[in-house]
Amino acid sequence: MKKIINIFMTVVMLFGMFVIPASAASDYSYWGDKTSGVSISGYNGSSAKLVISAKIDGAKVVGIESLKSSDGKANTKLTSITIPASVEKITSTAFDGMSALKEIKVEKGNKKFKSVDGVLYKCYDDSDIWCVYRVPEGMSGKVKLGKIELNLLYTNKSTFLSCTKVTEYSGSAKDGCLVIDGVVYSGVNSLRLVAFPGARSGVFRFPESYVNANGDTVTVHIDAVAVDDESFSSNTRNITAFEMPKEKKSDDYTTYHTTVDGVLFSSFNGDYRLVAYPGAKADSSYTIPSKVTYIYNSVFNKCAKLTKLTFPKTMAGDVIPMIKDCPKLKTISLPTTMKEKNVLAQGFYNLPKLTSLTFPKNIYDARLSEIQDCPKLKTIKIPKSLTINQWVLDQVKTNIPMASIVKF
């Protein structure tokens, strides 16, 4: 009887070792060859816990570009991913949209990436310095971080994208991660906001001072939030207002930040910039101040209560920012004209209530192909001077079939 039990336990242990096998080659889309290795460009498997194969069809896996399915959709069922030791490059957007992903693991022996407590780190500049590269979107609660490198964040703006379940971050200034009240900053006297916990709600007040590792109280100057970074706006969807302790200006800097009616602005060398709009702001209508000269691209992202957004009739700059994921936004009044030439629109995404759009007279590129998931949009008005090629027209017909283009 004892012998039978031992055999049974051995079988159980053997099967237990292979509960999560490396995914089959047929589950992947990839490109490359056996000489230089292959990069994964898609994943069509159904596993919740994915162990990426070290080899596909006999070729070493050296890169991960995307793990989206063949229809371009992000995998929302994956909870764990294990990266093989052979991988040398992972694109910044490889894990975008994986809302259930709680951990990213890396096999031992990988010289470019490693994992600590489920967070992905990258070797910076082929040195012995390991920096935070990606926090999984499905992580929740308190998340501990190691070193933050701004230069790496500039090239990888998805590092903290859609971390909506994180209540607070923790870290050590000695380890290169400055955390004040659960929010990650970079700098000493001049602070740049790096990562915001997505589960934070209510009013967010920027710090006026903090106690450093030596126990000294440091008075700070808020240099900037994560500039043009969608990860910041995607994690402030529950914030009702931003507040500054007072209008702060440093002798060493020409930038200062201020808040007006809960909206964050900055002044830089005479420019007045709209930096951040709180996603849970109670007002249903918002008019952008006429003195605004620049709007950061992801300001109006996930604004849950906004129904009407009005731009100044004449506006400085040459870019209309991206407007995305605003479920109640019905009316967008764009500028009649903009002061700069060659005006570019950055796109309109997932605006289910939007009914019409009228572009400025001097629009150069309306990016009509980047108007997506706007099922009630019926009229798009563009100036007669704007030429639209057939490919764009086909995209419009596919993306927003109810819409018609009218020239004025």
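Buried, as I use the word today, means under 20% relative accessible area, exposed means over 50%, and partly exposed is in between, with a 1.4 Å probe and protein chains only. By that cut-off Asp 96 is buried, at 16% relative accessible area.

Some ground rules. This is a predicted model, where local features need pLDDT of at least 70, side-chain atom pairs count only at pLDDT 80 or more, and totals for chains, interfaces and linings use all residues. Residues are numbered from 1 along each chain as its sequence is written, and side-chain values use heavy atoms, with hydrogens and water left out.

I will start with charge pairs. Side chains of opposite charge can pair when their charged atoms come close. A salt bridge here is a side-chain nitrogen of Lys or Arg within 4 Å of a carboxyl oxygen of Asp or Glu. A search of the whole structure finds 9 salt bridges.

Asp 96 is in one of them: its partner is Arg 134, with the closest N and O atoms 2.8 Å apart. The two sit in distant parts of the chain, 38 residues apart, with Arg 134 in strand E11 (residues 130–134) and Asp 96 in the loop between strand E7 (89–90) and strand E8 (103–106). Strands, marked E, are DSSP runs of at least two residues, helices (H or I) are runs of at least four, and both are numbered from the N terminus. Is Arg 134 buried or exposed? Arg 134 is buried, with a relative accessible area of 2%.

The next pair is Glu 243 and Arg 205, whose side chains meet in a salt bridge at 3.2 Å, N to O. This pair also links distant parts of the chain: Glu 243 belongs to strand E21 (residues 239–243) and Arg 205 to strand E17 (residues 202–205), 38 residues apart. Glu 243 is partly exposed at 33% relative accessible area, and Arg 205 is partly exposed at 46%.

Then there is Lys 281 with Asp 261, where the closest N and O atoms of the salt bridge are 3.3 Å apart. Lys 281 is in the loop between strand E24 (271–276) and strand E25 (285–287), Asp 261 is in the loop between strand E22 (255–260) and strand E23 (263–268), and the two are 20 residues apart. Lys 281 is buried, with a relative accessible area of 5%, whereas Asp 261 counts as exposed at 55%. As for networks, salt bridges that share partners join Asp 96, Arg 134 and Glu 137 into one.

Staying around E24, that strand is mostly covered, with 5 of its 6 residues buried. Two strands pair if DSSP finds at least two bridges between them. E23 and E24 pair in the antiparallel sense over 5 bridges, and Leu 264 has Ala 276 in E24 as its bridge partner. These strands form a hairpin with 2 residues between them, and Asn 269 in the turn has a positive phi of about 50°. E24 also pairs with strand E26 (residues 294–295), in the parallel sense over 2 bridges. There, Arg 273 stands opposite Tyr 294 in E26.

Asp 325, not a glycine, has a positive phi of about 55°. Asp 325 is in the loop between strand E31 (323–324) and strand E32 (331–333) and counts as buried at 17% relative accessibility. Asn 342 likewise has a positive phi, near 55°, and lies in the loop between strand E33 (337–338) and strand E34 (343–345).

Last, strand E39 and its surroundings. Strand E39 (residues 379–382) has a covered face, Ile 380 and Ile 382, and an uncovered one, Thr 379 and Lys 381. Which strands does E39 pair with? E36 pairs with E39 in the parallel sense over 3 bridges, with Ser 356 opposite Thr 379. Strand E40 (residues 404–407) pairs with E39 in the parallel sense over 4 bridges, with Ile 382 opposite Lys 407.

Pro 375 lies in the loop between strand E38 (371–372) and E39, and it counts as exposed at 53% relative accessibility. Pro 375 and Thr 355 are 20 residues apart in sequence and 8.5 Å apart in space, C-alpha to C-alpha. Lys 353 is found in the loop between strand E35 (348–349) and strand E36 (356–358), partly exposed at 39%.
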